[in-house]
Amino acid sequence: MAETDDAIRWIGRLDPAAGPRYLQIVTQLEQAVANGLLRPGDRLPPQRRLAEHLAVDLTTVTRAFSEARERGLIDAVTGRGSFISARREQEGPPLDLSMTIPPAPKGLRLGELMQRGIAEILARSDADQLMNYHGGAGSLAERAAGAAWLAPLMGAVPPQRIAVVPGAQTALNALLSLLAQPGDTILMEPLTYPGLIGAARQRGLSVVPVASDNAGPLPDALEETADRHGAKLFALTPTLQNPTCITIPERRRQDLVAIARRRDLILIEDDPYSLLAGDAPVPLAALAPERTWHVATLSKVLTPGLRTAFVVMPEGTDSASFLAALRATALMPAPLMTALAAHWIRIGAAKDLLEGVRREAAERQSLAREILPETMQAHPYALHVWQLLPAHWARDRLIERARESGLGVMAADAFSTGGVAPDAIRIALGAIPERARLAEALSLLAGLIRDGG
């Protein structure tokens, strides 16, 4: 493959067993746009150069670009090349079932909550200081707020073990930079968060799935796979896993931790949903505090605009190396948003907002159970469902039909870490503001699934 640069670093290797290669290119393009690696107006490499980089025929790339144009991902300008479309940012699917965001809770006015919170912060803070550069892992008060937020899950965690970061994606990028070198192997679940896959591929890591069942990764498979590949890093989402909604039970977690200790594996626990779930077992970071990096974002359970996450560092960790990796990824969180998040935690507003999101999620899950086929996997408070498709539907054809009907959903391919992805789609429930419109979208999708191709 040709040497990568900024114009081409968004795409990783193609998997011969993961379906049509042109669709893999489109999927990685969608992931790069969703993760912010590519932005509206960014120029894509020439098709021939991309084909050489991926070691595929030019026709494969040409077909991928044609499909991407059909999806509104890119625009072609004669004589200049192909660019990420601004229309994607402006329009999006009319009925968006693709983006997992917390729904606005009924009875809580987010705008008023923000106005009041910011006014209270400004009344006791220096505005100039809030708009200045802030280095380090966050102020002691902000780190203490993170410890208080996580206490229902983790118990008492010293604030000195917590770093305040600008979102989970930033934290994951920094951790992969710190903990692995290009060419290293990282173990993941067979299906997982696309942002994690994208970050690993961008880092040049070899992503290897660990065989799993409906209770999560299999301990014997973890040990065998780690031994076979010489892996020292395992990243997973133990609670309300994205996209399957699986929660790993406590006994399985203990078994996985035992394997991690025996094989000296470092664990990255991506945990956005435990507080939302309400019934989550003890986190891996509490079972194995000496080897687990715990990443807990507020964006997935309160509101995306906060761009605030808390990282619990392993016991005995010198934070300097992680903070250096973090600064190389993003200099700092936005001080005003971090101050607002900490303030909301201190006064109980964050807990109220979480409870509101949980109530709204429960209503939306109830709608999904009434409307969608019974082959879905879900949780009463999850922000998405995992819909297995009947034998007569291939996921790529269903995605095309859904798009033609004005629906945006995500196919299993976007979440696959290797092998053949299942015929399934993830259906997000939070992006459509009105429940009636959500019911309309779910009914339309359910009709497509039942009608067949």
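Trainee: In what order do the four strands of the open sheet stand?

Mentor: The order is 13-14-17-16, with antiparallel pairing. A strand here is a DSSP run of E with at least two residues, numbered from the N terminus. This is a predicted model, so local features need pLDDT of at least 70, side-chain atom pairs count only at pLDDT 80 or more, and totals for chains, interfaces and linings use all residues. Residues are numbered from 1 along each chain as its sequence is written, and side-chain values use heavy atoms, without hydrogens and water.

Trainee: Why are strand 13 and strand 16 at the edges?

Mentor: Strand 13 (376-377) and strand 16 (410-411) each have a single partner strand, so one side of each lacks a neighbour in the sheet.

Trainee: What makes strand 14 and strand 17 a pair?

Mentor: Pairing requires at least two bridges found by DSSP. Strand 14 (residues 384-388) and strand 17 (residues 424-428) have five bridges, in the antiparallel sense. They therefore count as a pair.

Trainee: Which residue of strand 17 is the bridge partner of Val-385?

Mentor: Ile-427 is the bridge partner of Val-385.

Trainee: At what angle do helix 16 and helix 18 cross?

Mentor: The axes of helix 16 (residues 349-371) and helix 18 (residues 435-451) cross at roughly 30 degrees and come within 9 Å. A helix is a DSSP run of H or I, at least four residues.

Trainee: Why is helix 16 called roughly parallel to helix 18?

Mentor: Angles under 35 degrees count as roughly parallel. The crossing is at roughly 30 degrees, so helix 16 is roughly parallel to helix 18.

Terms used: Axes are lines fitted to C-alpha atoms, for helices over the stretch in contact, and angles run from 0 to 180 degrees between N-to-C directions. Angles under 35 degrees count as roughly parallel, over 145 as roughly antiparallel, 65 to 115 as roughly perpendicular and the rest as oblique.
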